[in-house]
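Here are my notes on this model, point by point. Please read them with the structure open.

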Amino acid sequence: MSGHNVWTHKGTFLLAAVGSAVGLGNLWRFPYLTGENGGGAFILVYALTIFAVGIPILIAEIMLGRTSRQSPIMGMRHLTKTHNTSRGWETIGWLGAASAFLILSFYSVVAGWSLHYTWQMLTGSLIGADAETIGAGFNSLLASPGLMTLYHTLFIALSALIVGMGIHKGIEGGLRIIMPALFIILLVVLGYSAVNGDIGAAARFLFTFNLADLSLEGWLQAMGQSFFTLSLGMGAIMAYGAYMSSTASLTRTALAVAFVDTAVALVAGLAIFALVFGAGLETGQGPGLMFVTIPLAFAEMPFGALVGGVFFILVLGAALSSSISLIEPVAAFLVERFDLTRPQSVALMVIASWALGLLTVVSFNLWAEGTIFHTLFGRSAFEFIELLTNIFMPLGGLLIALFAGWALTQSEVAKELGGHDTWFAVWRFLVRFIAPAAVAFVFLRTLPQVEGYWIPAIGALVIVGAFAAGRTFLVNNAQQQ
Ligand code: PHE
């Protein structure tokens with residue numbers, strides 16, 4: 001496999017992975033889901049899954065990419081052959097491609113909203129505006145399917161252009177500036193909202209918890225969000241891992257990605273909720289949360305139009321570096337599998353995702369309620385697509401953990417982890433037992449028929465036990481372990 005491209009700098013993988021991880025998931029989705037799910041309890045489940053499940057799976061996913069050195073689907077095909085396992089593990093690749101396609105569809109619509117706000121900021125139209133005016137402005141954006149489609153189209157086309165021309169590895173330089181700048185400007189917003197909003201109330205909301213507050217679906221959303229925010233379980237990280245230099249440290253890189261990603265989400269959450277409580281807004285208002293609070297800070301800030309404009313441009317940069325990582329694995333697969341050219345593959349994926357995105361567009365207006373969709377699924381098309389990704393990503397992650405934990409040989413893993421024995425033992429225990437049990441637990445906990453914690457806990461143990469006991473059947477080379 002030595003002919004395969006490897007990124008020129010050791011640190012490039014870290015930068016690309018942070019670029020993929022940090023995005024709308026941190027700034028837009030994390031605060032809004034936290035608000036809808038009552039705060040602390042949601043964050044607790046989210047944080048626990050990041051550390052006990054997310055980080056080990058992040059390591060596992062990079063590992064699968066780096067050992068196979070191919071795109072996720074073909075890479076999994078290769079690994080199932082070399083490790084004598086069932087071809088069924090290829091599901092990891094397929095499930096990932098399906099998630100990527102679903103996520104891109106709504107991601108691009110929301111990124112389109114940021115495009116709208118970049119414009120609003122730079123033209124100064126929101127300067128001096130109060131919460132009510134800003135809220136009304138957002139509602140009128142939502143009420144316009146035409147405008148939303150336009151922004152959605154622009155954003156997805158731009159992402160496609162970058163991946164299609166194959167220059168995404170060249171945006172390294174851009175990311176080196178965008179990421180730190182975004183963090184600094186977030187701190188400015190946090191500082192502003194700490195002084196002018198109610199930071200105490202925000203901290204209480206985010207950091208005090210009562211697990212009983214969390215609805216059944218809240219559990220799934222919290223776990224789904226921890227996968228979403230780390231870009232896990234869908235091949236993005238595996239695709240990037242395929243280009244990672246074999247000497248860079250896996251554990252250190254994964255910890256750094258998780259740390260930066262969580263920090264960005266928490267700072268954004270604190271800033272947004274300080275503004276929410278300061279202005280007496282609704283915490284559970286849904287997907288518009290970021291777009292009706294952050295502009296409020298810029299409305300009064302000195303040089304608000306400029307700072308706000310720069311802020312939203314950085315948000316767009318962060319969203320772009322995430323969206324290209326959604327396109328990459330699917331496009332790479334189409335190239336490898338069907339012999340399409342790179343531009344053809346990208347076009348195929350993006351046009352299909354764009355069309356699906358129209359469902360998200362109309363979920364906020366024409367199909368906001370009372371359609372056949374609501375009758376069938378009890379929610380809007382956008383919420384349904386989100387639900388699917390909340391299931392697909394952890395499921396993909398579960399399979400990744402099991403494959404990396406049980407099918408890769410001891411020597412392969414030891415080599416990947418740089419021969420560090422303690423890491424090896426901890427990591428292997430986490431991916432073999434803890435991560436699969438935690439995912440199974442949350443899935444079982446979400447079932448409406450199940451009450452309390454005992455049944456999911458026992459169920460999770462049974463599932464993991466079955467895997468441990470049955471690994472000889474699943475993985476033919478288990479004797480090598
Ligand atoms: N992690 C990205 C974000 O938080 C979204 C994403 C998910 C990107 C999955 C790639 C894969 O915005």
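**Notes on the predicted model**

1. Phe273 sits in helix α12, residues 250–278. Helices here are DSSP runs of H or I with at least four residues, strands are E runs of at least two, and numbering starts at the N terminus. The model is predicted: local features need pLDDT of at least 70, side-chain atom pairs count only at pLDDT 80 or more, and totals for chains, interfaces and linings use all residues. Residues are numbered from 1 along each chain as its sequence is written, and side-chain values use heavy atoms, with hydrogens and water left out.

2. Phe273 has 0% relative accessibility and counts as buried. Buried means under 20% relative accessible area, exposed over 50%, and partly exposed in between, with a 1.4 Å probe and protein chains only. Leaving aside residues up to four places away in sequence, Phe273 touches Pro31, Thr34, Gly35, Ala202, Phe205, Leu206, Thr283 and Leu289. Contact means heavy atoms within 4.5 Å. Leu398 lies 125 residues from Phe273 along the chain, and their C-alpha atoms are 33 Å apart.

3. Phe291 belongs to helix α13, residues 289–300. Phe291 is also buried, at 0% relative accessible area. Its partners, residues up to four places away in sequence not counted, are Trp28, Val110, Trp113, Ser114, Tyr117, Ile134, Phe138 and Phe312. Between Phe291 and Leu27 the C-alpha distance is 10.0 Å, against a sequence separation of 264 residues.

4. How many residues of helix α1 are buried? Nine of the 10, over residues 12–21, so α1 is largely enclosed by the rest of the structure. The buried residues are Thr12, Phe13, Leu15, Ala16, Ala17, Val18, Gly19, Ser20 and Ala21.

5. Next, helix packing. Helix α3 (residues 40–68) and α4 have axes that come within 9 Å and cross at roughly 80°. The two are therefore roughly perpendicular to each other. Axes are lines fitted to C-alpha atoms, for helices over the stretch in contact, and angles run from 0 to 180 degrees between N-to-C directions. Under 35 degrees counts as roughly parallel, over 145 as roughly antiparallel, 65 to 115 as roughly perpendicular, and the rest as oblique. From α3, Leu64, Thr67 and Ser68 meet Gly75, Met76, His78 and Leu79 of α4. That contact has three nonpolar, four polar and no charged residues. Nonpolar covers Ala, Val, Leu, Ile, Met, Phe, Trp, Tyr, Cys and Pro; charged covers Asp, Glu, Lys and Arg; the others, Gly among them, are polar.

6. Helix α4 (residues 72–82) also meets α5 (residues 91–122): their axes come within 7 Å and cross at roughly 170°. α4 and α5 are therefore roughly antiparallel. Pro72, Ile73, Met76 and Arg77 of α4 face Ile92, Gly93, Trp94 and Ala97 of α5 in contact. By class this contact has six nonpolar, one polar and one charged residues.

7. Overall, the protein chain has 21 helices and zero strands. Its radius of gyration is 22 Å, close to the 23 Å of the globule rule for 481 residues, so the chain is as compact as a globular protein of that length. The radius is taken over C-alpha atoms, and the rule is 2.2 Å times the number of residues to the power 0.38. The C-alpha atoms fill a box of roughly 70 × 50 × 45 Å along the principal axes.

8. Buried residues make up 59% of the 481 residues in the chain. Among contacts with a separation of 6 or more, 81% join residues 24 or more positions apart.
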